[in-house]
Amino acid sequence: QVQLVESGGGLVQAGGSLGLSCLASGSILSINAMGWFRQAPGKQRELVGTITRGGNTNYADSVKGRFTISRDNAKNTVYLQMNSLKPEDTASYYCYTNLFRLGSSRPMDYWGKGTLVTVSS
């Protein structure tokens, strides 16, 4: 069993900053990519960004220059630092990982349950 638990969501004013973290735990052999997606009310889930085990990052155009993804491989944790937040960043943010479980030869995708970020204008 693998669990992803996000923390750090909340309410922030436009222009402010907020940090999220996500811990992966359970029967994990190794973790490949980690990242974040988000889903605003009435909209489809969209990519925020991902980070490889080696630290290479990829971001959605809408968050480039404002959001930063990092990870601590020793702690199986991925972080999302969000700066210059806008009301349109309001969404539930979901942690994502692609990993090998113990005893498995195929990598699988896992998702957290989400944490709500609300940006007020």
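From the N terminus on, the elements run β-β-β-β-β-β-β-β-β-β-β. That makes eleven strands and zero helices, where both are DSSP runs numbered from the N terminus, helices being H or I of at least four residues and strands E of at least two. You are looking at a predicted model, in which local features need pLDDT of at least 70, side-chain atom pairs count only at pLDDT 80 or more, and totals for chains, interfaces and linings use all residues. Residues are numbered from 1 along each chain as its sequence is written, and side-chain values use heavy atoms, leaving out hydrogens and water.

Let's start with the overall form. The C-alpha trace spans about 50 × 25 × 25 Å along its principal axes. The radius of gyration is 14 Å, which agrees with the value near 14 Å for a compact globule of 121 residues; this radius is taken over C-alpha atoms, and the globule rule is 2.2 Å times the number of residues to the power 0.38. Of the contacts with a separation of 6 or more, 56% join residues 24 or more positions apart, a contact meaning heavy atoms within 4.5 Å.

Now step inside. Buried residues make up 39% of the 121; buried means under 20% relative accessible area, exposed over 50%, and partly exposed in between (1.4 Å probe, protein chains only). The largest nonpolar core has 30 residues, and Trp-36, Phe-67, Val-78, Leu-80, Met-82 and Tyr-93 touch the most other members. At least two residues of this core come from each of β1 (2–7), β3 (18–26), β4 (28–39), β5 (46–51), β7 (67–72), β8 (77–82), β9 (91–101) and β11 (115–120). Such a core is a set of buried Ala, Val, Leu, Ile, Met, Phe, Trp, Tyr and Cys residues joined through side-chain atoms within 4.5 Å.

Most residues other than glycine have a negative phi. Asn-76, in the loop between β7 and β8, has a positive phi near 50° and is partly exposed, with a relative accessible area of 23%. Ser-84 also has a positive phi, about 50°; Ser-84 sits in the loop between β8 and β9 and is partly exposed at 43% relative accessibility. Finally, Ser-62 lies in the loop between β6 (57–59) and β7, and its C-alpha atom is 12 Å from that of Asn-83, 21 residues apart along the chain.
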